[in-house]
Amino acid sequence: MGAWLLIGLVILYMGFLLIAPITALIKGAFEDGINPVLGSIRSEAFLKSLLLSVEIAVLVVGVQTIFGTLTAWVIVRHDFRGKGILNNVIDIPFAISPVVVGYMLLLLFGRNGFLSPVLEALNVKVAFAVPGMCLATLFVCLPFMIREMIPVIKGLDRQQELAAATLGANAWVNFWQIIFPQLKSALIYGMTLTLARALGEFGAVLIIGGGIQGRTETATLYIFRCLEERQFVQAYTMSIILGLFSVLIVVLADRIKHKVKFAD
Amino acid sequence: MDIPLSGTFQKRKLPHLAMRSAGLTYIILMIVVPLIVILQDGFREGVSELIRQISLPIAKHAIVLTLWTSALMTLINAVMGLITTYVIVRFSFPGKRLLNALIDLPLAIPTLVTGVMLVMLYGPQEAIGGFLSQKISLDIIFAPPGIVISLLFISFPFVVRNIQPVLQELDLTQEDAAATLGASPWKIFWKVVFPSLFLPLLSGSLLSFSRAVGEFGAVVIVAGNIPLKTQTAAVYVLGAVESENRLGASAVSILLVAIALLVLFIANKLHQRWGVKQ
């Protein structure tokens with residue numbers, strides 16, 4: 001009896017907190033049928049902003065996969081002074097407000113920024129341009145890959161590596177044949193998390209990118225502008241697309257996680 | 001068994017060093033440099049100017065609003081997170097697997113989309129929002145309750161995912177022993193189960209607090225941007241940046257960073273103390 005009361009409470013709470021808002025979004029977007037939704041998908045600004053989001057996210061996932069794995073490897077396998085501090089520094093992007101992230105980058109790369117003489121000399125534009133938005137997204141996504149890889153690298157079977165090395169495998173062969181297969185599922189999981197976070201980034205890219213329509217407008221910035229211009233169907237449609245994509249990613253990541261659990 | 005990294009691995013000093021430098025450079029360039037820059041900028045006019053900027057009425061109101069809504073959310077999240085985890089780990093019921101998967105949803109859904117969803121549910125023109133507003137004159141959107149609900153949404157996974165592994169590993173024989181000795185389920189929970197969950201619960205709650213203090217996307221949509229009423233600290237920074245109020249932006253940013261880092265540091269320490277830090 002007490003158990004069912006608790007179960008009911010949890011279902012009610014999660015229903016109220018998580019499911020009700022999602023239902024409201026879907027219901028609201030399709031209020032006037034499917035045609036306005038389809039119409040807004042076909043608009044140029046819609047597609048362009050979505051494409052920019054995907055481009056930035058793919059780039060960030062690529063960089064993060066390489067450097068995140070590398071950093072995780074260094075943290076687990078190497079010994080050096082300051083390693084403890086480094087391990088704590090990695091979590092900082094989790095805690096810092098995205099607005100502050102954007103602002104920090106603006107102080108570095110913006111007009112009168114610390115690096116503005118260098119950027120002018122090189123004739124590169126970072127603030128209010130795509131490179132700055134990539135940097136901002138890299139910052140906020142930084143911990144995901146590293147935190148995902150550290151436990152897996154810790155759990156690697158070193159005897160296999162040593163055996164392979166003894167048998168004459170060079171580092172390259174050792175990595176691809178022995179290490180990589182063991183890291184693969186964690187890599188994919190880390191990549192999906194990073195992808196989801198990158199696609200949804202808003203505060204940091206708003207400040208560093210400025211949300212210039214047609215140039216630095218990502219999918220989330222498009223939603224923000226549409227809301228301000230009271231183009232609600234467009235805003236809701238993009239929200240649904242981003243939301244659906246996130247759900248898909250969560251389901252996928254969940255599957256991968258379960259597969260790994262059973263394989264152990 | 002620990003195998004010393006001798007022979008083949010340590011002979012290759014150069015790639016070893018190159019890898020380490022690359023990893024370190026990446027972290028320093030990406031995280032440490034921006035942090036130093038913002039500190040330098042905020043303290044440029046001295047500490048007294050920084051304090052003056054934070055105590056300006058609009059800034060102060062934004063900071064206080066951020067802190068109390070985050071604290072209230074943390075309290076609710078701790079209680080409901082504890083109950084949710086207990087139910088999901090200990091009971092079996094239809095739909096449990098779905099519920100377990102749903103927990104991670106807020107991590108994936110863009111916070112801006114969260115804000116949009118909540119406005120559509122509780123907005124004054126919507127069915128539920130209109131009802132609450134007219135019948136019990138409770139405004140959710142463009143008011144503090146909306147801020148708390150959106151913070152609850154985005155921080156929901158933190159507490160649950162922090163306690164879940166600990167509860168799963170918990171030794172059931174102690175509870176069985178207590179039950180055999182005649183302890184009530186309530187007493188068993190408080191005397192046997194809760195003590196082991198306390199540290200993870202505290203650390204998860206702190207994590208959700210630090211996440212909430214900096215939240216922007218959901219809050220800017222749900223609370224709007226009304227100075228001295230619903231403007232939170234992060235939204236204040238946006239306004240300051242847009243109006244080129246560099247001193248104000250830097251001062252409030254530094255405060256936000258300081259709170260976040262302090263809370264994160266304590267949470268990490270707690271995490272290490274119960275010893276499951278991965």
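# Two chains, helix by helix

Me: How many helices and how many strands does chain A have?
Reply: Helices are DSSP runs of H or I with at least four residues, strands are runs of E with at least two, and both are numbered from the N terminus. From the N terminus on, the elements of chain A run α-α-α-α-α-α-α-α-α-α-α-α-α. The count is 13 helices and zero strands.

Me: What kind of model is this?
Reply: Residues are numbered from 1 along each chain as its sequence is written, while chains are lettered from A and ligands numbered from 1 in the order in which they are written. Local features need pLDDT of at least 70, side-chain atom pairs count only at pLDDT 80 or more, and totals for chains, interfaces and linings use all residues; the model is predicted.

Me: What percentage of the residues in chain A are buried?
Reply: The C-alpha trace of chain A spans about 70 × 70 × 35 Å along its principal axes. A residue is buried if 20 or more other C-beta atoms lie within 10 Å of its own, exposed if 12 or fewer, and partly exposed in between, with C-beta atoms placed from the backbone. Of the 264 residues in chain A, the buried part is 45%.

Me: Is Ala29(A) buried or exposed?
Reply: Ala29(A) sits in helix H1 (residues 2-29) of chain A. It has 24 other C-beta atoms within 10 Å, so Ala29(A) is buried.

Me: Which residues does Ala29(A) contact, apart from its neighbours within four places in sequence?
Reply: Two residues are in contact if their C-beta atoms, placed from the backbone, lie within 7 Å. Tyr236(A) is 207 residues from Ala29(A) along the chain, yet their C-alpha atoms are separated by 5.4 Å. The contacts of Ala29(A) are Val37(A), Val233(A), Tyr236(A), Thr237(A) and Ile240(A).

Me: Which element of chain B gives the most residues to the side that touches chain A?
Reply: Across the interface, 61 residues of chain B are in contact with 73 residues of chain A. One element gives 13 residues to the side of chain B, the most of any: H2(B).

Me: How do the residues on that side of chain B divide?
Reply: Ala, Val, Leu, Ile, Met, Phe, Trp, Tyr, Cys and Pro count as nonpolar, Asp, Glu, Lys and Arg as charged, and the others, Gly among them, as polar. On the side of chain B that touches chain A, the division is 46 nonpolar, 10 polar and five charged.

Me: Which residues of H2(B) make the contact with H3(A)?
Reply: H3(A) contributes Phe67(A), Leu70(A), Thr71(A), Trp73(A) and Val74(A). The contact residues of both helices divide into eight nonpolar, two polar and one charged. Those from H2(B) are Met19(B), Arg20(B), Ala22(B), Gly23(B), Tyr26(B) and Ile27(B).

Me: How are H3(B) and H4(B) oriented to each other?
Reply: The axes of H3(B) (residues 47-55) and H4(B) (residues 57-90) come within 5 Å and cross at roughly 75 degrees. Angles under 35 degrees count as roughly parallel, over 145 as roughly antiparallel, 65 to 115 as roughly perpendicular and the rest as oblique. H3(B) and H4(B) are therefore roughly perpendicular.

Me: Which residues does Asn77(B) contact, leaving aside its neighbours within four places in sequence?
Reply: Asn77(B) lies in helix H4 of chain B. It counts as buried because it has 27 C-beta neighbours inside 10 Å. Its contacts are Leu152(B), Ser155(B), Phe156(B), Val159(B), Ser205(B) and Ser208(B).

Me: What is the phi of Glu244(B)?
Reply: Most residues other than glycine have a negative phi. Glu244(B) lies in the loop between helix H13 (233-242) and helix H14 (246-273) of chain B. With 9 other C-beta atoms within 10 Å, Glu244(B) is exposed. Its phi is positive, although it is not a glycine: about 55 degrees.

Me: Where does Phe142(B) lie?
Reply: Phe142(B) also has a positive phi, near 60 degrees. It counts as partly exposed because it has 18 C-beta neighbours inside 10 Å. Its place in chain B is the loop between helix H8 (127-135) and helix H9 (144-169).

Methods. Axes are lines fitted to C-alpha atoms, for helices over the stretch in contact, and angles run from 0 to 180 degrees between N-to-C directions.
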